[in-house]
Amino acid sequence: MPLVVPGITSNSGGGNKDEWLNKLVGKKISESSSNETCFAKKDLPETHRIVKPGDFTTMDHRPDRLNIHLDENDNVRDVNYG
């Protein structure tokens with residue numbers, strides 16, 4: 001049986017990773033508009049951070065923060081909570 005620590009290994013604090021992955025993967029993050037190739041930053045969860053290749057990030061764990069990982073072309077390649 002896997003170890004489940006509330007708020008650490010569950011998504012109860014932030015949402016569903018797969019749902020955000022399906023919405024964002026392959027798209028660019030835009031300041032204001034959403035369409036088939038862009039997703040508006042205003043529609044992201046309030047607590048989020050966008051991580052570009054080579055960016056330094058803090059190691060603080062925040063289960064409600066959505067991390068959005070971009071590739072070299074600024075397209076979303078992955079998301080995770082933490």
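Guide: Begin with strand pairing: two strands pair if DSSP finds at least two bridges between them. Strands (E, at least two residues) and helices (H or I, at least four) are DSSP runs, numbered from the N terminus. Here strand β4 (residues 66-70) pairs with β5 in the antiparallel sense, over five bridges. Within the strands, Ile68 stands opposite Val79 in β5.

Visitor: What should I know about the source of the model?

Guide: The model is predicted: local features need pLDDT of at least 70, and side-chain atom pairs count only at pLDDT 80 or more, while totals for chains, interfaces and linings use all residues. Residues are numbered from 1 along each chain as its sequence is written, and side-chain values use heavy atoms, leaving out hydrogens and water.

Visitor: In what order do the three strands form the open sheet?

Guide: The order is β3-β4-β5, with mixed pairing. The edge strands, β3 (48-51) and β5 (76-81), each pair on one side only.

Visitor: How many aromatic pairs does a search of the whole structure find?

Guide: Rings of Phe, Tyr and Trp (its six-membered ring) pair if their centres lie within 6.5 Å; planes under 30 degrees apart count as stacked, over 60 as edge-to-face and the rest as tilted. The search finds one pair. Trp20 and Phe39 are edge-to-face, 6.0 Å centre to centre, with 85 degrees between the planes. Trp20 is in helix α1 (residues 17-24) and Phe39 in strand β2 (residues 38-40), 19 residues apart.

Visitor: Are Trp20 and Phe39 buried or exposed?

Guide: Buried means under 20% relative accessible area, exposed over 50%, partly exposed in between (1.4 Å probe, protein chains only). Both Trp20 and Phe39 are buried.
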